[in-house]
Amino acid sequence: MRCRPLTALLAAGVLLAACGSSDADPAAPEERTLTVFAAASLTGTFTEIGEQFEAANPGVRVAFSFAGSSDLATQITEGAPGDVFASADENTMTEVTGQALTAADPVDFATNVLQIATPAGNPAGIATFADLAEPGVRVVVCAAQVPCGAATDRVEQSSGVPLDPVSEESSVTDVLGKVTSGEADAGLVYVTDVISAGDRVTGVEFPESAAAVNTYPIAALTGAADPDLADAFVEFVVGAGGQEVLQAAGFGRP
């Protein structure tokens with residue numbers, strides 16, 4: 001009979017110990033995930049901006065989906081869940097705003113211009129935009145529906161120099177990949193892509209690029225799970241911290 005109270009006490013002690021060993025911290029911030037759709041040319045900068053935003057907002061994790069802006073716009077208009085969209089041009093953003101899928105008017109946060117990227121050392125000797133149209137030159141560009149491809153079209157039209165690319169890619173990072181792998185003699189990418197590639201490529205500036213400056217807009221989406229958090233990220237990008245990262249990478253002011 002004397003064993004029963006002892007057993008009860010032991011059981012109570014185990015229960016109290018279990019309660020006392022709980023890992024739950026009532027003071028810990030609520031964990032939240034922010035999903036950001038962003039143009040492929042923003043991969044490096046937005047990754048850094050995301051890390052800074054997480055550090056400034058404990059408990060927040062920023063999940064990025066990087067791809068060609070046109071592909072992202074299609075995903076959003078077809079119902080893909082997300083909180084923020086950052087496009088590489090205003091026309092692509094219009095596809096989203098046209099279906100009332102942004103919570104507020106988009107805000108311009110950066111500009112970018114095209115530059116010729118060649119394999120390191122520029123073995124084909126590309127010096128001008130017109131050189132890209134020379135027979136035998138393997139040039140790669142973005143597809144016309146992608147912002148960098150639309151910019152390429154504008155340069156072709158303004159310069160009167162049509163190109164005959166060996167490949168048209170769905171994102172600017174794919175164009176850069178063709179160049180760094182040696183599959184192309186040159187590719188039309190953004191100046192920021194040339195900077196981020198470092199010594200893997202040689203950049204060639206050309207004055208005709210001034211005819212095709214891309215402006216990047218950003219907006220919170222109507223389907224955002226946490227509208228306040230989405231707005232905070234947009235404000236962070238257009239604020240001093242985000243702008244410092246973007247300009248260090250070669251982006252221009254909007």
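Strand 6 (residues 139-142) and strand 7 pair in the parallel sense over 3 bridges, where pairing requires at least two DSSP bridges between two strands. The bridge partner of Cys142 in strand 7 is Glu169. Helices (H or I, at least four residues) and strands (E, at least two) are DSSP runs numbered from the N terminus. The model is predicted, with local features requiring pLDDT of at least 70 and side-chain atom pairs counted only at pLDDT 80 or more, whereas totals for chains, interfaces and linings use all residues. Residues are numbered from 1 along each chain as its sequence is written, and side-chain values use heavy atoms, without hydrogens and water.

An open sheet of mixed pairing is formed by 5 strands in the order 7-6-8-5-9. Strand 7 (167-169) and strand 9 (201-204) are at the edges with a single partner strand each, so one side of each lacks a neighbour in the sheet. Neighbouring strands are turned by 35° against each other on average, direction ignored. Helix 5 (residues 147-159) packs on the sheet and touches strand 5 (114-119), strand 6 and strand 8 (186-190), contact being heavy atoms within 4.5 Å. The direction of helix 5 makes about 100° with that of strand 5; axes are lines fitted to C-alpha atoms, for helices over the stretch in contact, and angles between N-to-C directions run from 0 to 180 degrees.

The axes of helix 8 (residues 227-238) and helix 9 (residues 240-248) come within 4 Å and cross at roughly 50°. Phe236, Val237 and Val238 in helix 8 meet Ala240, Gly242, Gln243 and Leu246 in helix 9.
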